[in-house]
Amino acid sequence: MAAQAEATRFGWLTPDVLSIVAGALIAAVAPLDRLDYVARGLTASALADAAPSAQVLLVTASPEALREGLCERSLPGLLERGRARGALLIPPADAFCGGGAAASRAGAASAAGAAPIVRMPPELLRLSAGDVVGFFPLAAGERAPELGALGVSAAPWVLKKAPQSVPAVSLRDLADGQVPASALEGRIAVVAAGAGGVAPQAVATSALPPARGVAAVLGGLLDGGRRASAPAWVPALFVLLAGGLVRSARRRYGSLVATAALFLCVFALAAGQGVLAARAEASLIALPSALFGLAVAFTGVMIVRGLVVQRSVDRAAELIQRAALFRMQGVHTLPDEEFWPRVARLAEQAHPADLVLVAELPAGSWHLRFWNDRQGGGESLVAELRRDVRRPPYSSEQGVPAIRLSRRFLAKQDMPAVVVPLIAFGEIEGYVFFCGPVAESTFSREPERAEHVGRELALLLRRKRLARTAQAGAGEARGGGSPEDDLVEGARVALDDLQLFGSMLRSSPVGLLYADAFGDVRFVAPEFAKWLRARDVTVPAESASAALPPGSLTLGDVLGATSASDAAVSLSSVMASDDGIELSVSAPEPAVLSVRPLRRESDGSSWIAGYVAALIPVQQAAPVSDNVRPLAVRDAADPLCAFQLGDVVADAVASAARATGRAVRLEPIRGATHALGHRGELGQVLEAFLTDVAGRGLPGHGPVVSVREAPQGVQLSILDVGFGLGLPESALQRVLTAPGSAPAGLEPLGRLIVAVEDSHGHAELKTNDGWGITLTVTLLRAHPRAFVSANEGGKPAAQQNVIAIGRAGPK
């Protein structure tokens, strides 16, 4: 028992899960160190910033200028006059600019607070794929403080500046004054050797490597482009999530979708690396190692599918044995001696009759074979001897099969029979005969009932015929059934049955009763069995909560237990409706009996594969008191949506001014004012409120309306409310507490507050120190998608008595 519990506890450790975990560990350890290094450098180079650098100036000197000593003579003075931050000498220019006495003077000047001139050691550069991507940690040497003063610090990778974005000038142009020394102000001069005699626009490209790379990386470093490796758990977590996605796609949709999911994850990894590297410092993922771990996870997930095939075959054999106990949908496997009597029982449940006969039309024949469940087969009951379906009563005088009433068909001449041809897709599958006065009266009253029953029985017979034909053809093609073929066929039937039960559970709210395609109840729950026994319906006691044998209980017996009229409880009513029927029952407790057909579709046709019934208790609603007034129901045509509050306010102000003829002041609308609410209701109540306030106000004291964006949301303010309503703030506060029961004269304000609260906003009133009362409405801010308006206008025309405060915006 302990071993079984332990195995259950670790049952989730399947091989595909272990492969995903292994891939995550590989991504965390990052064994491909050299490739990861190159990938980080390429990522940093690919995200180069193209904005002009304000920190670095590339200064190139031709070999002739270096030999003449121009750099050593003029560089310190240029740095001092241009108020530069310093100079970084790139080999081989350092041999001509910072040696001998010049270096001593530069060191003394640096000690005195002047701009330092520092040689760049070659071992400082971090290279990747032949390009400079960062700086190694500074060694404890004499140049470390000077390099630190220039901002050069340990940075494995840097989002550098694009080489063309780093300003570049010629040293001779600086020395001759053709370029002002102010170009060096606040910058670090990267001094490098370059080709002479080039155009000014080609100075940057004339610098010898690695000067261009150093200038670009130093500019990016000083602008905050320092980057480092991401934590090891980042790629590991990504591999875990991606592996889980691939595993789920493979288990649900197959290998093709799983492969597509893998490519999607790879694209997401590359795109995510770019987004992270552009925003965060510790963001460079070990990309090759992460891809290697993802490949390991994907390979393990896909290989496991082939390894479990044998296990699936074994489980399929077990499933076949369990499904053989039911075999609910395998109608083509039933022998004729069982199939046709069950069809007769189904027809008897669906259409009232004293006697039901079912006739089989064998393939390639025009003569019928009769079946009956109660009187030994039914052949002796038929007086018609020709039995040719091309003649009456099976067809009309013109030879067309149609439903008709015949009085001389049976051996009992006085017993009428309703002849119903079973036609599916234009082919006759058989006939059903509803005999007796009950069948005649039902047919005269409800002729469509026989049509519904005939159509469903024809589809059932057609399914049986096609399935048997396909089974016979497959047997001939393979020359005898093999164990593998039997296994596949049994698994198909078992899966079909399980899908039917799944459909039953999804279709029924409770799922308490199931009947097969013949109307025989095959499963009934204890609660449903208890209700049937209370209705004097016999249910086998030993099978109250298990599968029932065919014929022990029919769906017609269940429908008959409702004590309703025959027309309401007939099985034909269930056949005719895809949604089924619902019957109210009162004893022993009020409930609703819901019966629905389970339909299956194949090759463009649909047929009933079973029936599901549910017994749903009904809770009686408590009576509503006479002194309780329900709230009004909102109009469904005014949903909660995003809209521009400024447009709604402008329309309301224009309408209020036009209706009252008085001045209504509207301040310039500040912001986009996109709000969330019920636009139609808010526009109506706001217009009514402004009309009421403006109509009551004194001359020259009309309301002032403003709309603006606030931290709390979109705010609508209406000043001078007190003058319009003629009431103090204490009287108006009652409307805020109970807006639905506003006092007489304040109904427009109450309706406005109710509309605001329905739109998830709030309203408040505030006294302005003798300058009236301000009503402030705050609505939730919305972020709608951008769209292009179909018309150029859209806003109402300005009214003469609408005063816009402030300067007009640009046209």
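L240 counts as partly exposed because its relative accessibility is 38%, where buried means under 20% relative accessible area, exposed over 50%, and partly exposed in between (1.4 Å probe, protein chains only). The structure is a predicted model, in which local features need pLDDT of at least 70 and side-chain atom pairs count only at pLDDT 80 or more, whereas totals for chains, interfaces and linings use all residues. Residues are numbered from 1 along each chain as its sequence is written, and side-chain values use heavy atoms, with hydrogens and water left out.

L240 lies in helix α12, helices being DSSP runs (H or I, at least four residues) and strands likewise (E, at least two), numbered from the N terminus. Together with V21, L25, W233, L237 and L241, L240 forms a nonpolar patch on the surface, with about 610 Å² of accessible area in total. The largest share of this patch, four residues, comes from α12, and the elements giving two or more residues are α2 (15-29) and α12 (233-253).

Elsewhere, five strands form an open sheet in the order β12-β11-β15-β14-β13, with antiparallel pairing; two strands pair if DSSP finds at least two bridges between them. The edge strands, each pairing on one side only, are β12 (369-371) and β13 (404-406). Strands β11 (residues 355-360) and β15 (residues 427-435) pair in the antiparallel sense over six bridges, and the bridge partner of A359 in β15 is Y431. Helix α16 (residues 336-350) packs on the sheet, touching β11, β12 and β15 (contact means heavy atoms within 4.5 Å).

Note on methods: Axes are lines fitted to C-alpha atoms, for helices over the stretch in contact, and angles run from 0 to 180 degrees between N-to-C directions. Patches are made of residues with over 30% relative accessible area and no salt bridge: like charges are joined within 9 Å, nonpolar side chains (Val, Leu, Ile, Met, Phe, Trp, Tyr) within 5 Å. Accessible areas come from the Shrake-Rupley method with a 1.4 Å probe; for residues, only the protein chains shown count as cover. A salt bridge is a side-chain nitrogen of Lys or Arg within 4 Å of a carboxyl oxygen of Asp or Glu.
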